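User: I would like to go through some assignments in this model and see what each one rests on. Please set the values against the cut-offs.

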Amino acid sequence: KFIKSIFKNVALKDQDMKNIFFSNSNIERMNFELTKINRSTFENSSLKGSNFKSSNLFEVSITDTNMEGVVLTDAIIENSILTHVNLKGANLENAQFINVDLTNSNFEQVNIINTKFVDVKFCNTLMPSGIRNDNC
């Protein structure tokens with residue numbers, strides 16, 4: 001468990017992370033490129049500017065977390081929860097979201113090019129247009 005921890009500009013590239021728990025932590029500009037993150041939790045934390053390029057996030061819970069400007073290019077997020085998450089300015093090019101709950105998340109100014117959303121819940125989500133989706 002990592003509680004009230006600080007990681008800045010740290011590289012965890014090409015790792016296999018399972019059952020990791022971050023709470024009230026500052027994990028900014030972390031390099032998770034090519035990393036497999038399974039059954040892990042990030043809550044009340046900041047992942048601002050972190051790189052998840054070509055990563056796989058499976059059964060991950062990310063709640064009440066700042067993910068502003070993260071790179072999720074070519075990433076796969078599956079069977080996961082990303083609620084109350086600020087994704088403003090994130091790059092989601094070629095990313096895949098499969099069975100993901102995005103309730104109350106912020107998608108303002110997000111780069112969505114060739115991004116796949118399958119069985120995704122957009123409830124009360126602030127969309128790139130600035131309009132909140134309230135079709136829950």
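User: Why is the contact between arginine 29 and glutamate 28 called a salt bridge?

Analyst: The structure is a predicted model. In it, the closest N and O atoms of arginine 29 and glutamate 28 are 3.7 Å apart. The criterion asks for a side-chain nitrogen of Lys or Arg within 4 Å of a carboxyl oxygen of Asp or Glu, so the pair qualifies.

User: What makes glutamate 28 count as buried?

Analyst: Its relative accessibility is 14%. Buried means under 20%, so glutamate 28 falls in that class. Arginine 29 has a relative accessible area of 40%. That value lies between 20% and 50%, so arginine 29 is called partly exposed.

User: How many salt bridges does a search of the whole structure find?

Analyst: Three. Among them is the one between glutamate 59 and arginine 39.

User: How do you know that glutamate 59 and arginine 39 form a salt bridge?

Analyst: The N to O distance between their side chains is 3.2 Å. The limit is 4 Å, so the pair meets it. Glutamate 59 lies in the loop between β8 and β9, and arginine 39 in the loop between β6 (36-38) and β7 (41-43), so the contact ties together parts that are 20 residues apart in sequence.

User: Why are glutamate 59 and arginine 39 called partly exposed?

Analyst: Glutamate 59 has 34% relative accessibility, and arginine 39 has 48%.

User: What makes lysine 53 and aspartate 74 a salt bridge?

Analyst: Their closest N and O atoms are 3.5 Å apart. This is within 4 Å, so the pair counts. Lysine 53 sits in the loop between β7 and β8, whereas aspartate 74 sits in the loop between β9 and β10, so parts 21 residues apart in sequence are tied together. Lysine 53 has a relative accessible area of 29% and is partly exposed; aspartate 74, at 33%, is also partly exposed.

User: How do you know that strand β8 pairs with strand β10?

Analyst: Three bridges join β8 (residues 56-58) to β10 (residues 76-86). Pairing needs at least two bridges, so the two strands pair. They run parallel, and the bridge partner of asparagine 56 in β10 is isoleucine 76.

How values were computed:
Residues are numbered from 1 along each chain as its sequence is written. This is a predicted model: local features need pLDDT of at least 70, side-chain atom pairs count only at pLDDT 80 or more; totals for chains, interfaces and linings use all residues. Side-chain values use heavy atoms; hydrogens and water are left out. Helices (H or I, at least four residues) and strands (E, at least two) are DSSP runs, numbered from the N terminus. Buried means under 20% relative accessible area, exposed over 50%, partly exposed in between (1.4 Å probe, protein chains only).
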